[in-house]
Amino acid sequence: MNEKDKTGKNPDLAHLAEFPFKRKKLNETCLIPFGFVEQDEKYVWSTPVSDGQFLMTVFVTKTGEISTKLLDPDSGEEYVLHRDPLAKGAFVGKIRMEYGRILELIANKCFENDVFQSDYAHKVIRYVRQTYGDELEFLWERFPDNAIFRRKDTGKWYGALLVLSRRKLGLASDDLVDILDLRIKSGEIETLVDKEKFFPGYHMNKKHWFTVCLDGSVPMEEIFRRIDDSYLLAKK
């Protein structure tokens, strides 16, 4: 199995191969049904490439690290040109494309979205799952950093998780932050929104929604309480 290079990245996942796994996390329960076999504390799966000219083996660790080998089954030699961005030609292009499609399939079948990176965002997702049994829904292919929570009975949204620049909230920073949009009674919006901890609802009706940054500026207990309020307001 190949080692990581000096940048800390697995060389197997250079350029085209990194993309399918970007901001995704392993769902280990999907590996065996997909066809992986557990061997020596990792999972292994092989498939022919280019009509059997090569055998591609994919290794997945229990922490979700990916590596691959592309071998000539006759000589046992490893083919590596598909990982070289300077390598040109119709043949290497064909191999590179097939290699990328296989990794994309694994990313879609055995990994799940891990868009939101903050500990607070993970706590929100866990709280909603445990309290209401709802999961994030990613509705927009063009906006993979946007997701919503909705009630099962009414189908109405009661929360939205997004990643955006703090500057879009009027703050003096271009740093990215996880935010949460929640419903609120229209009569309470003016007293709540201070543009420091609570902001007008981002991409929402600002009379009925507000935004909070999931960065520790508001205690989790208060965020949980406001999720509960928003859930109730989505009942009608």
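Arginine 226 lies over the face of phenylalanine 198, at 5.3 Å from the ring centre. The model is predicted.

| Charge | Ring below the charge | Distance to ring centre |
|---|---|---|
| Arginine 226 | Phenylalanine 198 | 5.3 Å |

How many aromatic pairs does the count come to? The count is 15 aromatic pairs. One of them joins tyrosine 127 and phenylalanine 224. Why is this pair stacked? The ring centres are 4.2 Å apart and the planes meet at 10 degrees, so the pair counts as stacked; the cut-off is under 30 degrees. Tyrosine 127 sits in helix H3 (residues 119-132). Phenylalanine 224 sits in helix H5 (residues 220-233).

Phenylalanine 224, at 21%, is partly exposed.

Tyrosine 132 and tyrosine 231 form another stacked pair. Their centres are 3.9 Å apart, with 15 degrees between the planes. This pair also links distant parts of the chain: tyrosine 132 is in helix H3, tyrosine 231 is in helix H5, and 99 residues separate them. Tyrosine 231 is buried, with a relative accessible area of 15%.

Tyrosine 231 also belongs to a group. Tyr132, Phe149, Tyr158 and Tyr231 form one aromatic cluster.

How values were computed:
Residues are numbered from 1 along each chain as its sequence is written. This is a predicted model: local features need pLDDT of at least 70, side-chain atom pairs count only at pLDDT 80 or more; totals for chains, interfaces and linings use all residues. Side-chain values use heavy atoms; hydrogens and water are left out. Rings of Phe, Tyr and Trp (its six-membered ring) pair if their centres lie within 6.5 Å; planes under 30 degrees apart count as stacked, over 60 as edge-to-face and the rest as tilted. Helices (H or I, at least four residues) and strands (E, at least two) are DSSP runs, numbered from the N terminus. Buried means under 20% relative accessible area, exposed over 50%, partly exposed in between (1.4 Å probe, protein chains only). A charge sits over a ring if NZ of Lys or CZ of Arg is within 6 Å of the ring centre and within 35 degrees of the ring normal.
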